[in-house]
Amino acid sequence: MTHRISRRARVLAAGLGAGVIVPFAAAAAPAAAATPQVSCTSNKAGLATKLQNDITTALRGRAGTVAVGLYDRSTKTTCTLRSSTAYDSASVVKATVLATLLWDAKKHNRYLTTREQSLATAMITQSDNNATSTLWKQLGVTKVKGFLAAAGMTQTKPGANNYWGLTQITVRDEQKLLALLTAKNSVLSDNSRAYELKLMGKVISSQRWGTPAGAPSSVAVHVKNGWLSRATHGWRVHSIGTFNGAGHDYMITVLTQDNSTMQYGVNTIQAVAKAIHKDLVPTTSTTSASVLRYVPTTNPQEAIPAVPSAG
């Protein structure tokens with residue numbers, strides 16, 4: 001049986017379209033919020049308890065399903081919430097696509113071509129879906145799975161039939177990816193890591209939201225976000241970011257779904273991020289008033305073409 005799909009319903013399955021058509025969902029009522037059980041550990045006295053309390057407070061009363069990951073190398077601090085719960089990746093998977101491309105190039109002892117560099121830049125800094133689809137098809141699922149195996153990202157399941165925006169991701173695996181990007185390892189070369197982080201540090205202003213919220217000027221920021229609405233679980237809104245400076249080297253992943261609107265999910269992520277940055281890198285009133293190096297937008301937008309507005 002065939003069904004006619006309206007133009008409005010032809011929404012691509014990534015944060016801005018993923019080369020796959022899925023039904024667009026009207027704003028759905030968020031699921032009732034349950035008290036989150038955040039677990040934190042740290043080598044710094046009192047920090048784990050403070051983070052656990054502040055993240056829990058940031059999530060109190062928030063609807064939807066939220067997963068959180070934090071790791072700070074400097075203080076050996078870890079926080080987790082629903083670390084193995086799977087979410088549709090939306091555009092967050094683009095960071096994995098680029099890492100796969102760089103890993104594969106390293107295996108063949110070659111640099112990225114000018115064309116690949118152009119596609120990678122559009123994919124990460126603008127969340128361009130056509131560029132992502134081109135690179136996904138070039139690599140193929142076999143190479144993506146090869147990178148995931150090398151990276152130990154065993155919980156990540158690539159989307160089938162080129163539906164890369166429906167790749168299943170978890171906080172645990174996204175934190176593993178960020179760890180690879182921010183420290184020397186045998187999977188990605190130093191040049192590859194620096195290249196991907198450089199692009200994540202140049203995301204266009206309309207996509208500078210999420211985990212960078214609350215980061216002080218003393219911390220360098222690299223981010224990739226994703227957003228997608230589907231008929232079930234409403235809006236998925238995700239943000240992964242790495243932060244380095246002020247004596248800290250940390251990474252944050254926040255994955256959400258069951259959001260009534262994109263903005264609701266952004267607000268949830270940013271409440272968590274602000275709590276984490278404040279606890280890890282406390283600032284004086286003078287410092288916090290300084291110009292932020294990477295300012296999250298107050299009006300998050302999809303890239304062109306945008307998905308239909310959900311309010």
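**Figure 1. Close-up of Asp 88 and Arg 230.** With a relative accessibility of 8%, Asp 88 counts as buried. The structure shown is a predicted model. A salt bridge joins the side chains of Asp 88 and Arg 230, with a distance of 3.0 Å from N to O. Asp 88 belongs to strand 6 (residues 87-88) and Arg 230 to the loop between strand 8 (220-229) and strand 9 (235-245), so this pair ties together parts that are 142 residues apart in sequence. Arg 230 has a relative accessibility of 23% and therefore counts as partly exposed.

**Figure 2. Close-up of Asp 88 and Arg 236.** Asp 88 also forms a salt bridge with Arg 236, in which the closest N and O atoms are 2.8 Å apart. Because Arg 236 lies in strand 9 and Asp 88 in strand 6, the pair ties together parts that are 148 residues apart in sequence. Arg 236 and Asp 88 are both buried.

**Figure 3. Close-up of Lys 278 and Asp 279.** In the salt bridge between Lys 278 and Asp 279, the closest N and O atoms are 3.0 Å apart. Lys 278 counts as partly exposed, at 45% relative accessibility, whereas Asp 279 is buried, with a relative accessible area of 4%.

**Figure 4. Close-up of a salt-bridge network.** Salt bridges link Lys 50, Asp 54, Lys 278 and Asp 279 in a network. Side chains of opposite charge can pair when their charged atoms come close. Across the whole structure, a search finds 12 salt bridges.

Methods: Residues numbered from 1 in each chain as written. Predicted model: local features only at pLDDT ≥ 70, side-chain atom pairs only at ≥ 80, totals over all residues. Heavy atoms only, no water. Salt bridge = Lys/Arg side-chain N within 4 Å of Asp/Glu carboxyl O. Helix = DSSP H or I, 4+ residues; strand = E, 2+ residues; numbered from the N terminus. Buried < 20%, exposed > 50% of the residue type's maximum accessible area, 1.4 Å probe, protein only.
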